[in-house]
Amino acid sequence: MKTLLVFDFDHTLVDDNSDTWVIQCIPDQCLPDLVKNSYQKGRWTEYMGRVMSYIGDQDITPDTIRSVMETIPFTDGMIELLTFIVSNKNDIDCIIISDSNTVFIDWILQVAGVQAAVDQVFTNPATFDKRGYMEIECYHSHQCSQCPVNLCKRKVLVDFLAGQLKGGVDYQRTFYVGDGGNDLCPSNSLREGDVVFPRKGYTLERLLSRQSAQQGEGSSNPRVIGWTSGREILMELKACVPL
């Protein structure tokens, strides 16, 4: 039976926010107030659509955007972890569930040479139109009140696991690796025997700690292991995979 690794992307696999990293392709690296102030809580994807439209208005080409996005750093130890996954695909499946977009994630994985580690990416679809403007769509609609309107990571994970089970794949365990508030909902869908890896010092760690204190001892939950480097996750993974 396989192990499933589920990764968030921003501030997890990469050590920054890909959606804000793209601002570096603007000559003064600053958005006008009209764009900056247009963000509404829970509607980040629509906001990023306006950001990318502004970038297109500045005659910034897709090649220039790509060259900037390819400079975003991976988090310490993550390349090593992904390389291990590539070498052990018979025992490990790996997916990304992210509020970034398909174009950014594809570019960043490709330039690092680790795209073979990832079986599927669930994120907001993005394409370039005939003008060279990037257009971003919401991933899906859902009924979850805890998550942004465009993406409930729990629904994505539950649906993926159900689809795999129908195809005859029943994972022995799931590792969920994330950092943010929108990683709490999928973390709460995990079973006893699974592991949640919240990045130390980030929102998910605080939310899980608060939730644990409220639930008290005796509740049936996945293990929680904080991390600062992908190598710590790799150590746990190696303990589960026959070498």
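**Salt bridges across the model**

Arg131 counts as exposed, at 58% relative accessibility; exposed means over 50% relative accessible area, buried under 20% and partly exposed in between (1.4 Å probe, protein chains only). This is a predicted model, in which local features need pLDDT of at least 70 and side-chain atom pairs count only at pLDDT 80 or more, while totals for chains, interfaces and linings use all residues. Residues are numbered from 1 along each chain as its sequence is written, and side-chain values use heavy atoms, leaving out hydrogens and water.

Let us stay with Arg131 and look at its partner. The side chain of Arg131 forms a salt bridge with that of Asp129, at 2.8 Å from N to O. A salt bridge here is a side-chain nitrogen of Lys or Arg within 4 Å of a carboxyl oxygen of Asp or Glu. Asp129 is buried, with a relative accessible area of 19%. By the salt-bridge rule, the count comes to 14.

Lys153 and Asp183 meet through their side chains in a salt bridge of 2.9 Å, N to O. Lys153 sits in helix H7 (residues 153–166), and Asp183, 30 residues apart from it, in the loop between strand S6 (173–178) and helix H8 (184–187). Helices (H or I, at least four residues) and strands (E, at least two) are DSSP runs, numbered from the N terminus.

Finally, turn to helix H2 (residues 33–36), where Asp33 and Lys36 lie three residues apart, about one turn of the helix. Their side chains meet in a salt bridge at 3.7 Å, N to O. Lys36 is partly exposed, with a relative accessible area of 38%.
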